[in-house]
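Q: I have a model open and want to go through a few spots in it. Can you take my questions as they come?

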Amino acid sequence: MTKRFAVLDLDGTLTWQHRLRALPHEEVDVTLRTGIKYYAAPESLAALETALAHTRTPLLFWGAGDYHYVTYARLRALRHPLTVVLFDRHSDCAHDADGVVTCGNWVRHALKLPWVARVLWIGAPDHKPLPHERHPHLVWIPLRKPPANAAEWLRSVLPTPNVYLSVDKDVLSPEVAATNWDQGTLALADLLAWIACFRQHARVIGADIGGEWVLPPGHLFPTPDDLHAIRLNETANLALLDALLGPEDRAFRRRTKQKPTGLVTPVGPSASETARPHPA
């Protein structure tokens with residue numbers, strides 16, 4: 001049976017999503033010695049990259065928002081110019097004075113990769129990025145849903161044909177998702193519309209989804225309130241899964257015809273041979 005996605009359960013937050021876990025998928029096994037919650041020590045990043053190199057599916061579920069730096073570990077494995085589309089309440093582009101990769105600054109680290117041309121940030125608060133999180137290649141998209149002229153608009157904002165989608169469910173309103181961070185106001189239907197837009201008009205080469213509910217400290221089993229939050233997230237995850245893969249498992253059908261690059265062992269030319277500068 002074809003495995004449709006991978007699960008990296010660093011924190012146990014996906015343990016209780018039985019409908020999701022019942023679908024054919026890969027389990028990513030990784031032991032992080034240091035730097036688990038909020039930040040990743042260099043050895044932790046190396047362990048993540050090694051574990052993710054063995055996956056063969058382009059979609060990854062990775063747990064609570066505290067671990068969003070997992071996206072950076074995935075992007076490091078790619079070697080072709082791409083644009084990252086970030087659906088998140090937060091920019092994750094804070095300054096990194098000490099060079100440590102965290103869930104709050106991984107975007108700034110990703111933009112140092114020569115093959116990451118731009119990050120489009122969708123679902124932010126109504127204000128523009130704050131001074132400490134601005135970057136010339138981080139583009140704030142204030143739209144709540146795709147514009148009517150989606151194809152033309154995407155040509156104006158995408159510097160590359162390849163797109164990587166990263167979804168933190170704290171971008172969604174509390175009615176449809178529950179996280180341990182402050183949440184946005186994006187409707188699930190609008191998020192699904194954005195995904196459909198990129199699938200139709202760009203080449204989506206991979207995606208990841210996080211932002212799960214975290215049990216209170218000391219709780220080994222979920223309470224009824226926890227189960228309600230978990231079910232909200234699972235329903236959203238299943239909808240996102242269908243939006244990205246389709247009911248007939250035709251996921252990422254606009255990918256290049258080359259062997260999958262990625263999200264596993266890179267193939268093709270090196271980054272220095274393929275990456276080109278792109279205007280902000």
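Q: How do the axes of α6 and α7 cross, and within what distance do they come?
A: This is a predicted model. In it, the axes of helix α6 (residues 188-201) and helix α7 (residues 224-245) come within 9 Å and cross at roughly 20°. Angles under 35 degrees count as roughly parallel, so α6 is roughly parallel to α7.

Q: Is the crossing of α6 and α7 left-handed or right-handed?
A: The crossing of α6 and α7 is right-handed.

Q: Which residues in α6 and α7 meet?
A: From α6 there are L188, L191, L192, I195 and R199. They meet A236, A239, L240, A243, L244 and L245 in α7.

Q: Moving on to α2. Which of its residues are buried?
A: In helix α2 (residues 42-52), the buried residues are S44, L45, A47, L48, A51 and L52. They cover an arc of only 160° around the axis, so they sit on the same side of α2. As background, an α-helix has 3.6 residues a turn, so residues three or four places apart point the same way.

Q: What covers the buried residues of α2?
A: The cover includes β3, β4 (59-61), α3 and β6.

Q: And which exposed residues does the face turned away carry?
A: P42 and T50 are the exposed residues on the face of α2 turned away from its buried side.

Q: Backbone next. What is the phi of Y38?
A: Y38 has a positive phi of about 80°, although it is not a glycine. Most residues other than glycine have a negative phi. Y38 lies in the loop between β2 (25-27) and β3 (39-40), and it is partly exposed, with a relative accessible area of 40%.

Q: What about the phi of D92, and where is that residue?
A: D92 is not a glycine either, and its phi is positive at about 55°. D92 is in the loop between β5 (82-87) and β6 (101-102). With 8% relative accessibility, D92 counts as buried.

Q: Where is P81, and how far is it from N162?
A: P81 is in the loop between α3 (70-75) and β5. P81 and N162 are 81 residues apart in sequence and 6.9 Å apart in space, C-alpha to C-alpha. P81 counts as buried, because its relative accessibility is 18% and the cut-off is under 20%.

Q: Last one: what is the mean pLDDT, and where is it below 50?
A: The chain has a mean pLDDT of 86, and 86% of its residues reach 70 or more. Over residues 253-280 the pLDDT is below 50. That stretch has 63 contacts in the model beyond near neighbours in sequence. Where pLDDT is low, the predicted coordinates should not be read in detail.

Definitions and conventions:
Residues are numbered from 1 along each chain as its sequence is written. This is a predicted model: local features need pLDDT of at least 70, side-chain atom pairs count only at pLDDT 80 or more; totals for chains, interfaces and linings use all residues. Side-chain values use heavy atoms; hydrogens and water are left out. Helices (H or I, at least four residues) and strands (E, at least two) are DSSP runs, numbered from the N terminus. Buried means under 20% relative accessible area, exposed over 50%, partly exposed in between (1.4 Å probe, protein chains only). The arc is that of the directions from the helix axis to the C-beta atoms. Contact means heavy atoms within 4.5 Å. pLDDT is the predictor's confidence in each residue, from 0 to 100. Axes are lines fitted to C-alpha atoms, for helices over the stretch in contact, and angles run from 0 to 180 degrees between N-to-C directions. Angles under 35 degrees count as roughly parallel, over 145 as roughly antiparallel, 65 to 115 as roughly perpendicular and the rest as oblique. A crossing is left-handed if the near helix is turned anticlockwise from the far one by less than a right angle, and right-handed if clockwise.
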